Amino acid sequence: MDLYLTATSLVSDANNWFDFLGTTFSAVSELLYRWRHKQERRHGEAERRQLQWKEEDVKMKQLHYCLLDLPDLINHAEWLSYIKDDKEVAKLLPELKGRVNDAYDLLEEFSYHHQLQSEPPGDDFLKTITDGNHVREILDDLNCLRNTMGCIIDRRTRAEPLQFGKLLRPAMSSFYDKSKVRTLHKEVDKVLDLLEVETCCPPGTRKRRITGKSTTISKRASRTDTVPCSTSARVECTSEEEASTTVLAISGIGGVGKTTLARQVFNDERTKGNFDLRIWISVSDDFNVIRLTKEFIQSALENLMQSDNLCSLQQTLTERIISLKFLLVLDDVWDDVYTNQDNRWHDFLEPFKSSQQGSAVLLTTRSQRVADLVNRNMQFHLEGLPTTIFDDFFEACAFGCIVNPELNPIGKRIIPQLKRSPLAAETLGRILKPMLDREHWDWVAGRELWELKQEKYDILPILRLSYLYLPSHLRSCFLFCSMYPKGHRFHKDTLVHTWIAAGLIESCKGCNLESNGHQYFTELLHRSLLHIDASSPTSSMYVIHELMHDMAKLVSENEWFVVKGETDLQKIPEDIRHLSIVGGNGLSETNLRVLCRYKKLRSIVCHGLDSEIITPAAKCWFEVLTKIRMLGFLSCKLNYLPENIGNLKLLQCLNIGECTFEELPPSFWQLQSLRIVDAQKCRIQHIPEEFNQLRGKLQRFRLRGAIISEPGNYAI
């Protein structure tokens with residue numbers, strides 16, 4: 001019996017065991033089935049997501065191709081809307097610029113998130129653009145605007161060349177009203193000296209011809225506070241032959257008095273006595289060798305030439321001027337003299353090889369590159385009228401014959417803003433003279449020049465020509481500089497990196513962005529839109545002339561906005577992308593939060609704000625302004641760098657050089673788009689291993705005079 005019970009128990013246990021195994025097997029099978037199903041679903045989702053990314057990538061390529069010709073279209077539109085005052089184009093232009101900027105933003109965001117497509121942020125971005133059909137909307141808008149704008153421009157310009165200089169700045173003759181500006185005796189003497197015209201030189205002064213090709217000797221004019229110009233010349237000679245014609249360029253920004261000086265040289269009695277023939281030609285943006293040669297012949301020989309054959313014209317000119325010693329003034333020469341890498345300047349000079357020894361060509365230009373082209377070794381740079389002459393000229397423009405003693409002190413406050421520019425003095429004189437009362441003059445004195453209404457031939461419209469002559473890729477880089485206060489000193493490398501961070505540098509095959517940026521900088525320097533800061537001991541800092549800064553502010557007010565006080569916060573354009581904040585009236589943490597509504601912002605630069613205001617305001621911005629590429633805190637300090645800076649995934653340039661906090665938040669090291677960081681005065685002593693995550697794009701991390709290249713401890 002016991003044996004039976006034992007056997008029965010064993011059988012029962014075995015059955016239970018088999019039941020257990022069966023249940024376990026079923027459960028494992030169910031789990032395996034679910035796992036396989038989940039894997040298949042995940043695989044399917046991954047394939048679906050990859051397919052979506054590929055589809056959007058095709059759309060992005062279409063968007064990229066759509067943008068290729070739009071910068072040129074915008075250039076033409078800006079010309080028409082300003083020079084021709086075309087209301088139809090002016091109305092469409094901001095909308096076109098806005099959609100182009102939207103497209104560039106989207107392309108850049110897509111490129112960033114495409115690299116992170118396996119992570120949630122990438123999926124969120126993909127869902128946003130696919131659900132809203134955002135790409136197609138931008139493409140449709142761009143195509144519609146392109147077609148509409150293109151038709152208007154074709155209709156307006158079909159029979160008209162794209163030349164605008166003479167439309168705003170009429171041809172200037174050699175005659176002028178001597179009662180307006182006193183003779184610039186020192187400047188005229190220096191120009192005549194460089195042209196080898198006999199002046200009243202001290203006994204024993206030796207004069208040399210400035211031509212030739214080998215030996216180099218320097219000749220520099222003395223500089224004093226009353227002579228706001230600089231000259232430099234190098235004498236080059238060959239052992240065989242000297243060139244017969246001296247070439248000299250008077251350079252400087254628009255409205256600074258170049259034509260006035262050239263006129264005084266042209267009409268000086270010593271000039272009349274030295275040259276057999278004096279000719280004045282207004283060039284502007286039409287350096288056509290055939291036209292200029294025909295004008296020369298017509299002026300010199302009183303012979304109207306009908307031929308357009310350059311060889312025939314130059315032969316006639318050579319035969320007739322060989323016995324004449326002449327002075328030719330070419331007024332207002334622009335950059336087209338060297339465009340397309342042709343030899344038009346040298347072609348124009350070819351007949352002058354047969355001229356009498358001592359002949360001269362004097363030209364005026366805004367472009368440093370033109371001045372270098374015509375004679376790198378001899379130039380005369382004019383910065384404005386001498387101080388005493390300018391003060392008298394301003395009083396004549398503002399008061400007329402009798403100076404008002406009550407208003408004169410206000411005039412003295414205005415004068416420094418004009419930087420000794422005679423055209424600026426005429427502009428302010430036109431505004432001030434009709435209302436000789438204290439209230440009006442105080443109002444004008446409290447405004448910047450760009451805020452005052454300008455007529456067609458006033459200073460800022462004339463300076464605007466320099467902007468309109470820029471190719472599209474340089475315009476935005478120049479306007480970007482207007483975000484900084486007047487007198488701000490730019491370091492070349494830092495400015496180039498901020499341009500890159502703001503998305504203003506175009507990529508070219510075979511060149512990196514930094515090389516392109518340096519080329520842009522050199523172009524702006526050659527065009528006299530930037531110049532070396534004379535106060536910099538190393539000549540490594542650059543500034544914008546204050547009048548050019550005013551012009552940039554006028555041009556850029558709808559795209560690059562400056563907040564100086566609480567009232568400006570209500571004037572910010574809806575689609576603003578670049579913003580500068582200058583510590584001023586009524587700004588507080590509370591009202592600076594209003595910037596959170598401008599979600600298209602790419603750049604924010606802060607100047608001189610109190611740390612108790614800017615720190616909480618920045619924390620608020622970092623929460624929602626996730627498209628920011630460039631962030632600068634100049635002459636102001638954050639108490640700390642907020643942790644939510646990690647939201648700025650597209651941030652490429654961060655300037656916290658004036659801040660003194662001791663650590664960076666962990667989220668900072670996740671900003672893999674960073675290219676440049678300036679933490680010059682920060683008291684950070686430890687760079688963590690996470691620094692290596694930034695190596696992909698980071699080009700410079702500056703800390704207390706050192707460039708950080710690896711993690712580690714950095715003692716103060």
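Leaving aside neighbours within four places in sequence, which residues is Asp550 in contact with? Select Asp550 and look around: Glu448, Leu449, Trp450, Leu460 and Lys486 are in contact with Asp550 (contact means heavy atoms within 4.5 Å).

This is a predicted model, where local features need pLDDT of at least 70 and side-chain atom pairs count only at pLDDT 80 or more, while totals for chains, interfaces and linings use all residues. Residues are numbered from 1 along each chain as its sequence is written, and side-chain values use heavy atoms, with hydrogens and water left out.

**Stop 1: Asp550**

Stay on Asp550, in helix α22. Helices (H or I, at least four residues) and strands (E, at least two) are DSSP runs, numbered from the N terminus. Asp550 counts as buried because its relative accessibility is 1% (buried is under 20% relative accessible area, exposed over 50%, partly exposed in between, with a 1.4 Å probe and protein chains only).

**Stop 2: α18 and α22**

Select 459–468 (α18) and 546–556 (α22). Their axes lie 9 Å apart, at an angle of about 80 degrees. Axes are lines fitted to C-alpha atoms, for helices over the stretch in contact, and angles run from 0 to 180 degrees between N-to-C directions. The angle therefore makes α18 roughly perpendicular to α22 (under 35 degrees is roughly parallel, over 145 roughly antiparallel, 65 to 115 roughly perpendicular, the rest oblique). Show side chains: α18 brings Leu460, Leu463, Arg464, Ser466 and Tyr467, and α22 brings Leu547, Met548, Asp550, Met551, Leu554 and Val555.

**Stop 3: α2 and α3**

Go to 70–83 (α2) and 87–114 (α3). The axes come within 10 Å and cross at roughly 155 degrees, so α2 is roughly antiparallel to α3. Among the residues that meet here are Leu73, Ile74 and Ala77 in α2, and Leu93, Leu96 and Val100 in α3.

**Stop 4: α16 and α17**

Select 422–432 (α16) and 438–445 (α17), packed at about 145 degrees with axes 10 Å apart. Leu428, Ile431 and Leu432 of α16 contact His440, Trp441 and Val444 of α17.

**Last stop: confidence**

Colour by pLDDT, the predictor's confidence in each residue, from 0 to 100. The chain mean is 79, and 79% of residues reach 70 or more. Helix α24 (611–624) is highest, at 93, and strand β1 (217–220) lowest, at a mean of 27. Then select 201–242, where pLDDT stays under 50. Where pLDDT is low, the predicted coordinates should not be read in detail.
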